[in-house]
Amino acid sequence: MDIVWDGITQAETLHEDAVRTRHALADAAKRYEWPRVFEILTGKPELVNTTRPGGSSLYAPLHQAAHGGAPVEVVQRLIGMFAWRTLQNARGERPVDVAEREGHRHLLGVLAPEHKHKVPLGVLLKLQAQFHAVIRGRPEREVDKHRLRLPELEPLLELDEPNMWFPVPGMYGGFSYRLELAASGPKLISESWCRVVEGSGQMHEITPTGSRLVGEGFV
């Protein structure tokens, strides 16, 4: 399964069946109905980090587990399905922060983020801002139309291979991006394209201080 940053926030972006499924998942997680949550995620594992269409809290299932003080086994199963411990809600909280706020100390250890790649947070946020500028430099109209949630980079640090795919509705394509670590510092390599437009591809090399176009004309 490809690791996808799902930036969907609005029901209008999705087909009706997809909207119903996401609402059902969000409802089950909010009610702490974990058998139903896992029933949905078994059929749609790509939804493990999604939030309610049109919702304002940006709670993914792992945030709800943290909020409700779910059994450790539930949290471990969600993490085993690639729920990100570094994903933020609308308040900028990770699941571990939610658990701490609600006093669920039994979850703090299992929810503590495990970074497999080391990048200082301040550097990572600068890299993220430059990446967002690159994204807006291409499909800004689609980003605004669909109110897309642009990729956060901290979840990359949880992955063995720090790369993801960010599909953009209306672009018929999107952004493939990967984190590279070197002695000179971290950089992000972004490849973007529209599948129905030959030669639409662009590759950017992104650093905390800027970005440069290093290839184009593919796809």
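This is a predicted model: local features need pLDDT of at least 70, side-chain atom pairs count only at pLDDT 80 or more; totals for chains, interfaces and linings use all residues.
A: Two strands are taken to pair if DSSP finds at least two bridges between them.

Q: In what order do the strands of the open sheet lie?

A: The open sheet holds 5 strands in the order β1-β2-β3-β4-β5, and their pairing is antiparallel. Because β1 (163-168) and β5 are the edge strands and have a single partner strand each, one side of each lacks a neighbour in the sheet. On average, neighbouring strands of this sheet are turned by 20° against each other, direction ignored.

Q: How many bridges join β4 to β5?

A: Strand β4 (residues 202-207) and strand β5 (residues 210-216) run antiparallel and are joined by 6 bridges. These two strands form a hairpin, with 2 residues between them. I206 faces S211 of β5 as its opposite residue. Elsewhere in the sheet, 8 bridges pair strand β2 (residues 173-180) with strand β3 (residues 187-194), again in the antiparallel sense; R178 has I189 in β3 as its bridge partner.

Q: Which helix lies across the strands?

A: Helix α7 (residues 121-136) lies across β1, β2, β3, β4 and β5, and runs at about 155° to β4.

Q: How are α1 and α2 oriented to each other, roughly parallel or roughly antiparallel?

A: Angles over 145 degrees count as roughly antiparallel. The axes of helix α1 (residues 16-30) and helix α2 (residues 34-43) cross at roughly 150° and come within 8 Å; α1 and α2 are therefore roughly antiparallel. Their crossing is left-handed. On α1 the contact is made by T21, A24, L25, A28 and A29, and on α2 by W34, R36, V37, I40 and L41. By class, this contact comprises 8 nonpolar, 1 polar and 1 charged residues.

Key: Residues are numbered from 1 along each chain as its sequence is written. Side-chain values use heavy atoms; hydrogens and water are left out. Axes are lines fitted to C-alpha atoms, for helices over the stretch in contact, and angles run from 0 to 180 degrees between N-to-C directions. Helices (H or I, at least four residues) and strands (E, at least two) are DSSP runs, numbered from the N terminus. Angles under 35 degrees count as roughly parallel, over 145 as roughly antiparallel, 65 to 115 as roughly perpendicular and the rest as oblique. A crossing is left-handed if the near helix is turned anticlockwise from the far one by less than a right angle, and right-handed if clockwise. Contact means heavy atoms within 4.5 Å. Ala, Val, Leu, Ile, Met, Phe, Trp, Tyr, Cys and Pro count as nonpolar, Asp, Glu, Lys and Arg as charged, and the others, Gly among them, as polar.
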